[in-house]
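I set out here what I looked up in this structure, entry by entry.

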Amino acid sequence: MAHLMSVRRSVVLLLALAGLVGFLDASAGDADHLYKSCVEKCEQSGCVGDQCFQHCKFSSDGKPVDGPWYMQEPLYLRWKQWDCRSDCRYHCMLAREEERMTLGGKPVKYHGKWPFLRVNGIQEPVSVALSALNLAVQFHGWLSFFILLYYKLPLRPDKKTYYEYTGLWHTYGILSMNSWFWSAVFHSRDVEWTERLDYSSAVALLGFSLILALLRALNVRDEASRVMFSAPLIAFVTTHILYLNFYQFDYGWNMKVCVVMGIAQLLIWAIWAGVTRHPSRWKLWVVVVGGGLAMLLEIYDFPPYMGFVDAHALWHATTIPLSYLWWSFIRDDAELRTTTLLKKVK
Ligand SMILES: [Zn+2]
């Protein structure tokens, strides 16, 4: 979430790099030999302790090892792609974490993720709920922006808005709603295709909001200059998304790209907030500073409290009030530009 990043840039950049190192060698849990042998045994027996899993009665190509076809799981359960291996991994993780706790140990990551407790097959219920709330806030912001422009503020004789950034903010709203939608899907079930869609949507949003920051802060209003500013960025972001999806899903490189794009637009908004006499510039400051503090949560990754609330979930919580304020700034901006332009006409 683009504009929602830090103010102490250099500190944050360093922390981000530190976080990157932590991110790359995060999975102590699945390297543990007790966990490994548990998963191996489970995949053969279909059980961990006295708990046994239905999926393990089927071979990997989905054909039942014993029993007729109607014994297979219904499709609506299979879309979640729970299979024997993922069931075994989950329950071995729980068993191993319980042992670790009784010995006074701290939680560790498994396959790059904290040990979360599932609710109805949803992997990170708190992050899913918060992503949905973010989606709702974005929708509310986008809708109120639309109503303000087309029903409350005067329109030009050709029925277009006076505000020059209407189309750009519409696209921004759509991209951010799309991004929160896939975030909710990804947090409910982390498989390859949900991960790709979540990452790609986030990169698209981040890239587009960088373009928007440039165009708004530099007051670029004619079509030709807008194309000149955005074409290289659109080309870069498109290439990056294609690279991630069709060449190599490189987490480290993607993180660098996102950090650079995030910090760039943050700097742009911060500098603009510093020089502009925009009456709502305090909202810009709150979003920039608040976003920076929130970003620390992304970097200081801590394990889920009670198996549910981790740093990432809290980060998704902080973006809710920030997005609300952000859309309020956008509405103020639309109003300000419209009244300024009308004064000029008169
Ligand atoms: Zn998330």
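**Entry 1: a helix pair**

I am working from a predicted model, in which local features need pLDDT of at least 70, side-chain atom pairs count only at pLDDT 80 or more, and totals for chains, interfaces and linings use all residues. Residues are numbered from 1 along each chain as its sequence is written. Helices (H or I, at least four residues) and strands (E, at least two) are DSSP runs, numbered from the N terminus.

I then looked up the geometry: α7 (residues 192-217) packs with α8 (residues 223-246) at an angle of about 165 degrees, and their axes are 10 Å apart. This makes α7 roughly antiparallel to α8, a label for angles over 145 degrees. Axes are lines fitted to C-alpha atoms, for helices over the stretch in contact, and angles run from 0 to 180 degrees between N-to-C directions.

I listed the residues that make the contact: among them are Tyr 199, Val 203 and Leu 210 of α7, and Phe 229, Leu 233 and Ile 241 of α8. Residues are in contact if their C-beta atoms, placed from the backbone, lie within 7 Å.

**Entry 2: record and spans**

I consulted UniProt, whose unreviewed entry places the feature "transmembrane region" at residues 128-150, 162-185, 197-215, 227-247, 253-275, 282-300 and 312-330. Such annotations may be inferred rather than shown by experiment.

I checked residues 162-185, which are 83% helix and 0% strand, with end C-alpha atoms 37 Å apart. Residues 227-247 are 95% helix and 0% strand, and their end C-alpha atoms lie 28 Å apart.

I found Phe 53 in the loop between β2 (51-52) and α3 (75-78). Phe 53 counts as buried because it has 20 C-beta neighbours inside 10 Å; the cut-off for buried is 20 or more. Beyond its neighbours within four places in sequence, Phe 53 is in contact with Gly 46, Cys 84 and Asp 87. The C-alpha atoms of Phe 53 and Cys 84 are 7.1 Å apart, although 31 residues separate them along the chain.

I located Trp 327 in helix α11 (residues 311-345). Trp 327 also counts as buried, with 23 C-beta neighbours inside 10 Å. Its contacts, leaving aside neighbours within four places in sequence, are Gly 141, Ser 144 and Phe 145. Trp 327 and Gly 141 are 186 residues apart along the chain, and their C-alpha atoms are separated by 5.2 Å.

Terms used. Angles under 35 degrees count as roughly parallel, over 145 as roughly antiparallel, 65 to 115 as roughly perpendicular and the rest as oblique. Two residues are in contact if their C-beta atoms, placed from the backbone, lie within 7 Å. A residue is buried if 20 or more other C-beta atoms lie within 10 Å of its own, exposed if 12 or fewer, and partly exposed in between; C-beta atoms are placed from the backbone.
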